Amino acid sequence: MSIELEPSSQLAFRRPLTDAIKESLIIRNPTQLPIAFKVKTTAPKQYCVRPNSGRVEPGQELEVQVQMQAMKEDPPVDFKCKDKFLVQSVAITAERELLAPQDLWPTIERDAKDQIREKKIRCAFLPPLGHEITQIKEEELEGTPSPSSHVTFSDSVNNNNTVPASPVRQAAQQPLSVHTTTTTTSSSADMGVLKRELESAQETIHNLQSSVERLQREATSLRQRKPEAGSSSAPTMTAVHLKNNQQEGYPITYVVGAAVVAFLFAYLFF
């Protein structure tokens with residue numbers, strides 16, 4: 001049984017990365033024997049770890065401070081950090097208790113390397129507070145590196161001196177896809193009003209046409225009537241009567257309606 005880590009798989013550093021950032025790594029010992037540990041990293045100049053090695057008693061835990069040195073500038077938003085930490089641990093048996101602290105790990109690496117347990121932790125850069133946090137996929141955290149890939153871990157720095165920040169790694173910039181939403185102004189309300197006005201105009205035209213046809217039939221009927229016998233003024237009276245009928249057949253409302261219809265047709269179609 002090996003040690004337990006908190007966090008177990010990812011150590012996150014929140015932007016801005018132009019400031020030094022300190023995070024904690026908890027090492028717990030759930031076993032019945034003391035455990036010696038050592039912390040390594042792939043970027044020893046970028047991180048300062050205190051303590052970078054030590055001892056955890058049975059059932060106890062130890063807090064390790066990991067400080068990332070300030071960068072000259074923030075990396076791109078889509079930059080994926082590839083830094084990793086390796087935590088090695090081994091049980092301290094009775095015979096190993098007799099070894100001096102500086103001789104413990106060299107002796108174990110020489111004589112009992114197969115007893116060393118290792119746990120890896122990835123580093124991640126989080127956006128500032130108030131922004132959406134990008135989660136790293138679980139399968140990426142637990143993924144097994146390909147046989148061709150090789151990661152080199154070095155002993156982490158254990159001091160308070162200022163360490164020059166490593167240059168910001170340049171990430172390949174993928175072209176950003178800009179999605180433009182075209183907003184189309186709907187004119188359905190205006191079209192509905194125009195349709196209703198057109199239907200009203202068509203109905204008025206139909207009524208006018210019916211009235212004209214009726215008047216034409218009445219005029220034809222009057223023309224076909226014969227003059228009344230014995231009255232010399234009958235033709236004149238008939239003509240006057242017909243003229244009056246024709247005047248009564250075209251009231252001012254029809255004239256105004258026709259003008260409105262003509263205006264609507266000119267407004268809608270020209």
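Q: How many salt bridges does the structure hold?
A: This is a predicted model, in which local features need pLDDT of at least 70 and side-chain atom pairs count only at pLDDT 80 or more, while totals for chains, interfaces and linings use all residues. Residues are numbered from 1 along each chain as its sequence is written, and side-chain values use heavy atoms, with hydrogens and water left out. With a salt bridge defined as a side-chain nitrogen of Lys or Arg within 4 Å of a carboxyl oxygen of Asp or Glu, the number held by the structure is 8.

Q: Which residue forms a salt bridge with Arg-28 at 2.8 Å between the closest N and O atoms?
A: Side chains of opposite charge can pair when their charged atoms come close. For Arg-28, the closest N and O atoms of such a pair are 2.8 Å apart, and the partner is Glu-61. The pair links distant parts of the chain, 33 residues apart, with Arg-28 in strand E3 (residues 21-28) and its partner in strand E7 (residues 61-68), where strands (E, at least two residues) are DSSP runs numbered from the N terminus. Arg-28 is also linked with Glu-6 in a network of salt bridges, and the other member of that network is Glu-61.

Q: Is Arg-110 buried or exposed?
A: The side chain of Arg-110 meets that of Asp-111 in a salt bridge, with 3.2 Å from N to O. Buried means under 20% relative accessible area, exposed over 50%, and partly exposed in between, with a 1.4 Å probe and protein chains only. Asp-111 has a relative accessible area of 54% and is exposed; because the relative accessibility of Arg-110 is 59%, Arg-110 counts as exposed.

Q: What is the order of the strands in the open sheet of 4 strands?
A: Strands of a sheet pair through backbone hydrogen bonds, either parallel or antiparallel, and two strands are taken to pair if DSSP finds at least two bridges between them. Here E3 and E7 run antiparallel and are joined by 8 bridges, with Ser-24 standing opposite Gln-65 in E7. The pairing in the open sheet is antiparallel, and the order is E1-E3-E7-E5.

Q: Is Cys-48 buried or exposed?
A: Cys-48 has its place in strand E5 (residues 47-50), and its C-alpha lies 9.1 Å from that of Lys-22, a residue 26 places away in sequence. Because its relative accessibility is 7%, Cys-48 counts as buried.

Q: What is the mean pLDDT of the protein?
A: The score pLDDT is the predictor's confidence in each residue, from 0 to 100. It stays under 50 over residues 160-186, for which the model has 20 contacts beyond four places in sequence, and pLDDT also stays under 50 over residues 229-248, with 7 such contacts. Where pLDDT is low, the predicted coordinates should not be read in detail. For the protein, 65% of residues reach 70 or more, and the mean pLDDT is 75.

Notes:
Contact = heavy atoms within 4.5 Å.
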